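The following exercises are to be worked with the sequence and the model at hand. Each task is followed by a solution in steps.

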Amino acid sequence: MPVALAPDGCRIAYQVGGAGPALLLLAGQAGSHRWWTGVRADFEAYRTVVTLDWRGTGDSDKPDAPYSTTGFAEDAVAVLDALGIERADVYGTSMGGRVAQWVAARHPRRVRGLVLGCTTPGGGHGVERSAEVRRSLATPDAEANRRALLELMYTPGWLAEHPGPYWTLGDPGMPPHARRHHLRASAGHDAWDALVDITAPTLVLHGDRDVFNPVANAHLLVERIPDARLELLPGARHAYFEECRERAGRLVREFLA
């Protein structure tokens, strides 16, 4: 597995496939590149797709030290540097969308187009999930926790027809310390002040039944990022990019074209 060296020396594993202009896909919290397994081929049909294993996941190093979304952004840029890619379209979902905000705000010349999926500006302006959702995820029963997370990601009908594996539940090989650092990095995200500095054309996607990351956050991003455009996926929950694969993929393809 090829690796890029992050500014602090951490080795970040990355993967490349397809052909065409570069598209960097950024996974959600605790997700490796496998987060994109269900839809990756759709993008590789027309783009050179670049993914990475966040530090703490997959084949990347797993340092026991604080992580942050700004740090993850520098890891992503290090991967582009290792590949000699000067500019790329960037598509991030969930925590990957948080990271993509920083990539676009801090490295504007590296981002051609930006897609932010099921994500939030974070901080004091972001809309938090409800207490009920938080309680469902706080249960010490691992199986109950897994069921709760699946129901936040997908509708019951989709789950009945798709037995898994479900890579959006996170990398099963992560050590506990890395899971904690990912959780804190995602929770500590606050890009509100930086969003106005994003110059790349921006598409915001969100399932209109997403309570894991409330849909109000999509409206905040569109109001804050200059000339951003919003598309809601009717009936979709957090993992809209899988469940609404055809429509969501078409929206991304048409926007980036």
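A polar contact is a pair of N or O atoms within 3.5 Å; within protein, one must be able to donate a hydrogen and the other to accept it, and residues adjacent in sequence count only if both atoms are side-chain atoms. The model is predicted, so local features need pLDDT of at least 70 and side-chain atom pairs count only at pLDDT 80 or more, while totals for chains, interfaces and linings use all residues. Residues are numbered from 1 along each chain as its sequence is written, and side-chain values use heavy atoms, with hydrogens and water left out.

**Exercise 1. Describe the surroundings of Arg-47.**

Step 1. Locate the residue: Arg-47 lies in the loop between helix 1 (40–44) and strand 4 (48–52). Helices (H or I, at least four residues) and strands (E, at least two) are DSSP runs, numbered from the N terminus.

Step 2. Classify its accessibility. Buried means under 20% relative accessible area, exposed over 50%, and partly exposed in between (1.4 Å probe, protein chains only). Arg-47 has 7% relative accessibility and therefore counts as buried.

Step 3. Identify the partners. The side chain of Arg-47 makes a polar contact with that of Asp-89, at 2.5 Å. Contact in general means heavy atoms within 4.5 Å. Beyond its neighbours within four places in sequence, Arg-47 has contacts that include Gly-17, Ala-22, Arg-112 and Leu-256.

Step 4. Turn to Ala-22, which is in strand 3. Ala-22 is buried because its relative accessibility is 10%. Among its contacts, with neighbours within four places set aside, are Arg-47, Asp-89 and Arg-112.

**Exercise 2. In which order do the eight strands form the sheet?**

Step 1. Two strands pair if DSSP finds at least two bridges between them. The eight strands form an open sheet in the order 1-2-4-3-5-6-7-8, with mixed pairing.

Step 2. Find the edges: strand 1 (3–5) and strand 8 (229–233) each have a single partner strand, so one side of each is left without a neighbour in the sheet. From one strand to the next, the twist averages 25 degrees.

Step 3. Inspect one pair. Strand 1 runs antiparallel to strand 2 (residues 11–18), with three bridges between them. Within strand 2, Ile-12 is the bridge partner of Ala-4.

Step 4. Helix 9 (residues 216–224) lies across strand 6 (111–117), strand 7 (202–207) and strand 8, at about 165 degrees to strand 8. Axes are lines fitted to C-alpha atoms, for helices over the stretch in contact, and angles run from 0 to 180 degrees between N-to-C directions.

**Exercise 3. Is Thr-93 buried or exposed, and which side chain does its own side chain meet in a polar contact?**

Step 1. Thr-93 belongs to strand 5. With a relative accessible area of 0%, Thr-93 is buried.

Step 2. Its side chain makes a polar contact of 2.9 Å with the side chain of Trp-35. Leaving aside neighbours within four places, the contacts of Thr-93 also include Cys-118 and Tyr-240.

**Exercise 4. How many disulfides does a search of the whole structure find?**

Step 1. A disulfide is a pair of cysteine sulfur atoms within 2.5 Å. The search finds zero.

Step 2. Check Cys-118: its nearest cysteine sulfur, in Cys-244, is 11 Å away, which is too far for a bond.

Step 3. Compare accessibility: Cys-118 is buried at 0%, and Cys-244 is buried at 17%.
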